[in-house]
Amino acid sequence: MKTSAILLVGGMGTRLMPLTSKTPKPMLQVAGVPFTEHQIRKASQAGISEIVLATSYKAELFEPYFGDGAKFGIKIKYAVEESALGTGGGIRNAAALLDDCDQVVIFNGDVLSGHDLAAQIQFHINNKAEVTMYLTKVADARAYGCVELLADNQVKSFLEKMENPVSNLINAGCYIFNRKVIDQIPANQVVSVERVTFPSFLNSGLKVYGYLDNSYWLDIGNPQALVKASADLITGVITSVATPKHSGDHLIAAGAQVSSSAIINLGTFIEPKVVVESNCQISGSIIGSGAKIGANCKIVNSIIAPDTQIEAGMVVISNYLGF
Ligand code: GDD
Ligand code: MG
């Protein structure tokens, strides 16, 4: 059984504006590397040898970094949508570049998860499923795709972003599709996999299974979540082979100048060329390259844009400055 992958990275990242005005969401730095690198490494670790990046918004920024994938132990190809085709249209478009395979893992490009991908693939094969959807439980399902399961783990209903969710089980953004099933999505059209494809698969009686895994899960689609993902990767709440080696609960890039009296903790990531002056406290934050943090500042759960100057003595809490 050969498994390939598609990574959906074409969205606008609207909820992360202005962080995403120059950089697409999946290329934002999370724990020292572009977020996409964590997902590519995860795919590679699960034994997947080929991944197609389905790009649209700022598509040109991916290839110079990831190239043909040799550095990441996986073959990488790029499917560019001239205008965004939606999640379903993006999957259909990207599948045209895949080598022969039996099934395809499809990742949302903004989910950090500790789920066992190899086990999800095995579950898909064991059930002879046509589609297997990774599910997780949340307190409030309104912002997600809400899923109802039958006793045998087949999906009964899928409702994207409903006002009154019928369960607390959600689509966690990682599917396995049998290769042939992708051809049922119409080509060269805007299609939402969540609003159109899944409901139509269920109507037509396709075997769609839910794979429930309650390990770490986070959609990095808003600034609070982005900075939390970075801090959690650095403190080890969740691990990724893509996180650069570091000691302690911070990651400070080579070439940053941090005063020895500064306290840098709770998963803070300091990018190259940053200057941090004396007696600062920086906790759970991302400091963009070239930023200058004056003496006696306190920065907590915040993101400071590259090249921003923060005046001495400022207190910045849960804020996104300088973008
Ligand atoms: N190629 C391509 N083309 N990718 C796209 C497009 C497109 O037109 N539109 C969105 N994407 C990508 C985004 O870049 C992102 O990685 C992924 O598809 C999901 O889009 P989001 O905009 O982040 O969707 P969401 O977070 O509101 O909801 C989705 O994720 C939830 C879990 O985090 C849905 O799949 C929900 O059902 C799910 O619960
Ligand atoms: Mg999202």
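Biologist: Which polar backbone atom is 3.0 Å from a nitrogen atom of ligand 1?

Modeller: This is a predicted model, in which local features need pLDDT of at least 70, side-chain atom pairs count only at pLDDT 80 or more, and totals for chains, interfaces and linings use all residues. Residues are numbered from 1 along each chain as its sequence is written, chains are lettered from A and ligands numbered from 1 in the order in which they are written, and side-chain values use heavy atoms, with hydrogens and water left out. A polar contact is a pair of N or O atoms within 3.5 Å; within protein, one must be able to donate a hydrogen and the other to accept it, and residues adjacent in sequence count only if both atoms are side-chain atoms. Here, the backbone atom belongs to Ala54.

Biologist: Which residue has a polar side-chain atom 2.6 Å from an oxygen atom of ligand 1?

Modeller: That residue is Glu194.

Biologist: How many disulfides does a search of the whole structure find?

Modeller: A disulfide is a pair of cysteine sulfur atoms within 2.5 Å. The search finds zero. For Cys174, the nearest cysteine sulfur, that of Cys101, is 14 Å away; for Cys297, that of Cys280 is nearest, at 4.8 Å.

Biologist: Why does Cys174 count as buried?

Modeller: Buried means under 20% relative accessible area, exposed over 50%, and partly exposed in between (1.4 Å probe, protein chains only). Cys174 counts as buried because its relative accessibility is 2%. Cys297 is also buried, at 1%.
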